[in-house]
Amino acid sequence: MPGIVIVGAQWGDEGKGKITDLLAEQADAVVRFQGGNNAGHTIVRDGETYKLHLMPSGILHPGKLCVIGNGVVIDPKILTDELDDLRRRNVDTSSLRISANAHLIMPYHMLLDHAGEIKLGRLQIGTTRRGIGPCYADKAARLGIRVQDLLDEKILKKKIVAAMEPKRLSLRDFARDPRLDLQTMTEEYLTYGHRIKQYIADTSRLVLERLDEQELVVFEGAQGTLLDIDHGTYPFVTSSNPIAGSATIGAGIGPRDIDEVWGITKAYSTRVGSGPFPTEVEGALGDELRERGAEFGTTTGRPRRVGWLDLVALRYAARLNSLTALAITKLDVLSGQPTLSVCTRYRANDGLELEHFPYHQTVLHHSVGEYEELPGWSEDISECRHEEELPETARDYLKYISAFVRAPIALISVGPGRDQVIWTEAGKRMYGSGAVAGS
Ligand code: IMP
């Protein structure tokens with residue numbers, strides 16, 4: 001199975017970084033295909049914590065090809081800071097490759113993101129304010145600045161002028177901001193270009209070469225299915241497509257190059273930012289889950305909204321991504337809950353019961369979860385390494401999820417450490433020798 005896509009099956013923050021890191025051990029290449037430094041992956045390795053925003057999770061494995069694909073939007077300051085930090089910690093970054101076609105986040109994108117949110121007031125999306133939306137907007141408007149433009153001063157300057165022209169009105173409050181000075185900006189970005197030049201490549205070709213050799217390539221999604229700009233809870237979404245199909249566009253491969261799609265989901269739900277969240281739990285129980293799960297954003301530090309597992313949304317994610325398997329993370333956080341609620345349908349405000357994720361946002365906004373109650377467990381499961389070691393009720397909880405979503409569970413994470421993982425029989429079958437490493 002040479003091509004495996006890892007996607008978030010919820011609203012992001014499902015723990016994709018850890019799963020990618022585990023798969024990366026056996027992989028030959030790890031590729032990011034969308035999003036930017038709005039993402040944040042925390043990987044705990046040998047007791048050290050790495051918080052990566054742009055770098056593919058495989059970077060911690062020396063010698064793996066690590067690709068930032070054309071579908072990613074890159075803030076070159078963050079990229080060069082991450083490179084410096086990794087080098088300081090003796091991580092070899094020489095196998096990183098960056099697509100020449102990836103778009104760059106410019107200072108005006110960040111200012112516009114910030115200003116846009118302020119303007120929306122109570123209706124704000126709750127973006128990470130990293131300039132992601134305005135950068136993708138410029139890409140679609142064909143006013144984007146791409147990585148390759150950093151290698152040509154004349155072109156770079158021309159493109160910056162062209163990109164800023166239509167934004168003059170929106171940027172007038174920042175007219176004196178030194179970050180927007182043409183000369184300063186051009187020089188700053190040329191310096192970044194100089195620093196990353198050695199990594200710039202035709203990454204689509206590099207990835208295809210690996211796939212042709214039947215080598216294992218992991219495509220690492222950022223954010224999650226319900227934040228997808230087309231299929232998520234629009235407008236409370238990100239500006240890219242975090243679903244599996246997007247791996248083809250954002251990495252420059254064909255649909256037939258993908259063999260497996262794993263959906264990563266927490267054993268409960270979280271969401272950052274605004275927007276509908278039918279299974280949200282507030283009050284003391286919400287606080288307890290947030291504290292136990294350390295649910296505070298890697299990128300912004302914001303407390304995450306928490307809720308019960310939403311199987312209606314998860315089944316929707318399975319459909320959109322054609323999931324071949326699930327990986328369940330943070331199962332340990334649920335230890336100690338006497339009963340666990342799982343949402344199996346929604347109740348719309350006209351009283352109608354909905355089995356499927358509604359296409360109309362107004363309906364979704366007014367829908368609340370309807371639940372089945374499943375028995376919980378009190379044991380600490382963070383030391384379990386085999387399915388049989390889990391309490392029976394925990395195994396039943398997992399079986400219920402798998403049957404409802406109609407996807408096998410390949411992997412269960414029971415703590416933040418990379419060894420705190422259980423490979424199921426299905427996971428071992430799918431992942432071959434990787435399972436041996438994990439079992
Ligand atoms: P943006 O991607 O910064 O434009 O933010 C749009 C929405 O996506 C906001 O609700 C963010 O909180 C959310 N979002 C973006 N990236 C992530 C992520 O990596 N995890 C969780 N939520 C995210």
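The largest cavity of this predicted model is lined by Ala-9, Gln-10, Trp-11, Leu-226, Ser-269, Asp-310, Ala-313 and Leu-314, where a cavity is a set of points, on a 1 Å grid over the protein atoms alone, at which a 1.4 Å probe fits but cannot get out, and a lining residue has an atom within 4 Å of a point. This lining comprises five nonpolar, two polar and one charged residues, with Ala, Val, Leu, Ile, Met, Phe, Trp, Tyr, Cys and Pro counted as nonpolar, Asp, Glu, Lys and Arg as charged, and the others, Gly among them, as polar. About 40 Å³ of space lies in the largest cavity, a volume being the space filled by probe spheres set on the points, which are joined across faces, edges and corners.

Around the ligand there are 15 residues, of which Asp-13, Asn-38, Thr-128, Thr-238 and Arg-302 come nearest, a residue being near if one of its heavy atoms lies within 4 Å. This shell divides into six nonpolar, seven polar and two charged residues.

For Arg-302, an N or O atom in the side chain is 3.1 Å from an oxygen atom of the ligand.

Local features need pLDDT of at least 70 and side-chain atom pairs pLDDT 80 or more, whereas totals for chains, interfaces and linings use all residues. Residues are numbered from 1 along each chain as its sequence is written, and side-chain values use heavy atoms, with hydrogens and water left out.

Terms used: On a 1 Å grid over the protein atoms alone, a cavity is a set of points where a 1.4 Å probe fits but cannot get out, and a pocket is an open set with protein on both sides within 12 Å along at least five of seven lines; lining residues have an atom within 4 Å of a point. A polar contact is a pair of N or O atoms within 3.5 Å; within protein, one must be able to donate a hydrogen and the other to accept it, and residues adjacent in sequence count only if both atoms are side-chain atoms.
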